[in-house]
Amino acid sequence: MQTTNSSVAFRAEEVISSWPTTNAWPIAPQTYYQKFETSLKHSNATQNVYFSNFFEWQGAVRERWFFECISNDMLQDQGVFITKRAHNEYLKEAFPFQTVTCALNAFNIQKCSFYLLFSFYINDELASRGYQQIVFANKEKHIARLPDQVIRKIKKFERTDIDLDNLK
């Protein structure tokens, strides 16, 4: 387990069995997890955690996943990852001093792009869910084919039961 900036990033097979089966998307065999501890700085005057934090946490989880699971140099010598589309749906309020756990998976993996699925849980209940479409581009910022070894790594986190039309 690794602790950084009030979040904890971890991957654990035993966590899968503890997730609820109602109101949650199923978890794939390999899922990336990261925890966030909320505080007063994440909230407004009525002590609700700002909805924008979930969107910001998508970026934090995405970057940590790229670094730990795909390439710790973020493929800078080959190109760049560009976020083409991003979405988040808020399902449950969050409050200061709660632990928010994000589960990340990939889906709809293509030659030049893929989607990331983010499921945020509070007390084992789905609180927010979202996705991002990521496109790979070469150093000249032209869309390019993902390296085969990168596609293989991304596929380890793939969910094949996601229907993109149902997420929009």
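Let me start with Phe51, which counts as exposed at 56% relative accessibility and sits in the loop between β3 (32-37) and α2 (52-70); please keep in mind throughout that this is a predicted model. Together with Phe55 and Tyr90, Phe51 makes a nonpolar surface patch of about 320 Å².

Phe51 also belongs to a cluster, in which ring pairs link Phe36, Phe51, Phe54, Trp57, Tyr90 and Phe120, and the structure as a whole holds 15 aromatic pairs. One of them is the pair of Phe36 and Trp57, which is stacked, with 5.0 Å from centre to centre and 15° between the planes. Since Phe36 lies in strand β3 and Trp57 in helix α2, this pair ties together parts that are 21 residues apart in sequence, and both Phe36 and Trp57 are buried.

Trp57 has a further partner in Phe120: the ring centres are 6.5 Å apart and the planes stand at 45°, so this pair is tilted. Here helix α2, with Trp57, is tied to strand β6 (residues 113-122), with Phe120, across 63 residues of sequence, and Phe120, like Trp57, is buried.

Now to the backbone, where I would point to two residues in loops. Phe97, although it is not a glycine, has a positive phi of about 70°; its place is in the loop between β4 (80-90) and β5 (99-107), and at 62% relative accessibility Phe97 counts as exposed. Lys141, again not a glycine, has a positive phi of about 70°, and is found in the loop between β7 (125-137) and α3 (148-155), where Lys141 is exposed with a relative accessible area of 55%.

Definitions and conventions. Residues are numbered from 1 along each chain as its sequence is written. This is a predicted model: local features need pLDDT of at least 70, side-chain atom pairs count only at pLDDT 80 or more; totals for chains, interfaces and linings use all residues. Side-chain values use heavy atoms; hydrogens and water are left out. Helices (H or I, at least four residues) and strands (E, at least two) are DSSP runs, numbered from the N terminus. Buried means under 20% relative accessible area, exposed over 50%, partly exposed in between (1.4 Å probe, protein chains only). Patches are made of residues with over 30% relative accessible area and no salt bridge: like charges are joined within 9 Å, nonpolar side chains (Val, Leu, Ile, Met, Phe, Trp, Tyr) within 5 Å. Accessible areas come from the Shrake-Rupley method with a 1.4 Å probe; for residues, only the protein chains shown count as cover. A salt bridge is a side-chain nitrogen of Lys or Arg within 4 Å of a carboxyl oxygen of Asp or Glu. Rings of Phe, Tyr and Trp (its six-membered ring) pair if their centres lie within 6.5 Å; planes under 30 degrees apart count as stacked, over 60 as edge-to-face and the rest as tilted.
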